[in-house]
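Trainee: I have a model open and want to learn how to read it. Where do we begin?

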Amino acid sequence: MKKALLISALFGSLFIQAQRTCGTPQKIQQLIAQDSNFETHYNAVRQQLHEAGSNLNQTMATESVAQPAVVVTVPVVVHILYKTSAQNISDAQIASQMTVLNNDYRKLNADFATVVPAVWQPLGADMEINFVMASVDPNGNATTGITRKNITATDYVFEDDYYTTTGEPAWDPDEYLNIWVGNFSDTSLLGFAYPPAAAGYPFDGLCIDFNNFGTIGTSATAPFNKGRTATHEIGHYFGLEHPWGDDGSACGTVANSDGVADTPQVGGPTYFCPDFPDYDQACSLTGNGSMFMNYMDYVNDACMAFFTNGQKLLTNAAIAGPRASVLGTPDLHAAAQIKVYPNPVSDEFSVISSNQQLTKVELFNIAGQLVLTQALNGTEAKVDMHGFEAGIYFARFYNGTKLLKSEKLIKK
């Protein structure tokens, strides 16, 4: 009997650990409990983002206005906090995660067509957000965008101390997306990220376990082996909520409590990898059931594959508001006056700016790694890509320290 109970307990433990667990709602509630002023601020920012997303959606519906193509690039610093050599993950594993982020947020992920049902594929959004490793640190020095620290303190708890001097303090959260990678003491956690209301706080950014960051190395084992934990949590960083909303209304009187019009209302998370359509959490037994394959639900990595147009609208509101400083949002007027051609690129491309001097271009690969920095002088220039591997690249054009335009390039 004892042996049977032990086996049952082991299976139960494995069952729990195989379910996605997002720590963001709990971290928000902890912060509210510690700081009553934050609750007021959080609710105000949340309402503003929901209203802005709704207003944009209404404008598009009534005036047939196309969604603005505003591409932003996010400078990322990854802090590796390790106690063992296994936790000190490789640069290649970090690059694999950056590749996932760029594919998922630009709707370049190869599994979109196979994971997202045909009925919902028209809702799939290119979020027009690129992630690149920081090329300059807060002191103005060149950097790879990666820091590493061996943690020796015996009382260190990663999920609580990651941003302190015991861990690694953030690079200015108004200028960088900080990602801390370490070993959670709470083994049920996969990761968490703070919403836009926390912009500028010293703990702002993504905190994630080393076992589900990237697609290789320590993150090579299913079900969280495709880098989607970071995709999900960074969605929270941009103001996205779980499809059931994070205010407890679920299937109550408040429809679409996540603030997104095109995500069907559901009563709670969907786990594992169900067949479509699935009505277990759907608030209505008509229609197509729950949109469980959305990045903001709780299914396995292999069974989530898209953001919606409505989620993009809400994210755009965050980009224009509380997340504007960290995103390197280009001058829209200047960006419109800069032309880059040809694209796709064979051996070189040209850039012409009709009203701003160009002083520098940075070129990043799909993993967000800086592969070229070239000084420019004037309003016209050519950039040589001869010898570069075929694939997707992200270019950033500057006038001094001012970012003028971000551009996705395809190298043939």
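Mentor: We begin with one cut-off. Buried means under 20% relative accessible area, exposed means over 50%, and partly exposed lies in between. Keep in mind that this is a predicted model.

Trainee: Then is Asp 126 buried, exposed or partly exposed?

Mentor: Asp 126 has 22% relative accessibility, so it counts as partly exposed. Arg 106 has 6%, so it counts as buried.

Trainee: What do Asp 126 and Arg 106 form with each other?

Mentor: The general idea first. Side chains of opposite charge can pair when their charged atoms come close. Here, Asp 126 and Arg 106 form a salt bridge, and their closest N and O atoms are 2.7 Å apart. Asp 126 sits in the loop between α5 (112–115) and β2 (129–133). Arg 106 sits in the loop between α4 (91–105) and α5. The two residues are 20 residues apart, and the pair links distant parts of the chain.

Trainee: How many salt bridges are there?

Mentor: The count is 13 salt bridges. Take Glu 348 and Lys 382, whose side chains meet at 4.0 Å, N to O. Glu 348 is in strand β8 and Lys 382 is in strand β11, so this pair ties together parts 34 residues apart in sequence. Glu 348 is partly exposed, with a relative accessible area of 38%.

Trainee: And are Arg 396 and Glu 362 buried or exposed?

Mentor: Both are buried. Their side chains meet in a salt bridge at 3.6 Å, N to O. Arg 396 lies in strand β12 and Glu 362 in strand β9 (residues 358–365), so this pair, too, ties together parts 34 residues apart in sequence. Salt bridges can also share partners: Asp 104, Asp 111 and Arg 228 are joined into one network that way.

Trainee: Now the sheets. In what order do I read the strands of the four-strand sheet?

Mentor: Walk across the sheet from neighbour to neighbour. The order is β10-β9-β12-β13, the sheet is open, and the pairing is antiparallel. β10 (370–378) and β13 (402–411) are at the edges; each has a single partner strand, so one side of each has no neighbour in the sheet. On average, neighbouring strands are turned by 20° against each other, direction ignored.

Trainee: How many bridges pair β12 with β13?

Mentor: Nine bridges, between β13 and β12 (residues 391–399).

Trainee: Which strands form the three-strand sheet?

Mentor: β7, β8 and β11, in the order β7-β8-β11. This sheet is open and antiparallel. Its edge strands are β7 (338–341) and β11 (380–384), each pairing on one side only. Neighbouring strands here are turned by 15° on average, direction ignored. Four bridges join β7 to β8 (residues 348–353). Tyr 341 has Ser 350 in β8 as its bridge partner.

How values were computed. Residues are numbered from 1 along each chain as its sequence is written. This is a predicted model: local features need pLDDT of at least 70, side-chain atom pairs count only at pLDDT 80 or more; totals for chains, interfaces and linings use all residues. Side-chain values use heavy atoms; hydrogens and water are left out. Two strands pair if DSSP finds at least two bridges between them. Axes are lines fitted to C-alpha atoms, for helices over the stretch in contact, and angles run from 0 to 180 degrees between N-to-C directions. Buried means under 20% relative accessible area, exposed over 50%, partly exposed in between (1.4 Å probe, protein chains only).
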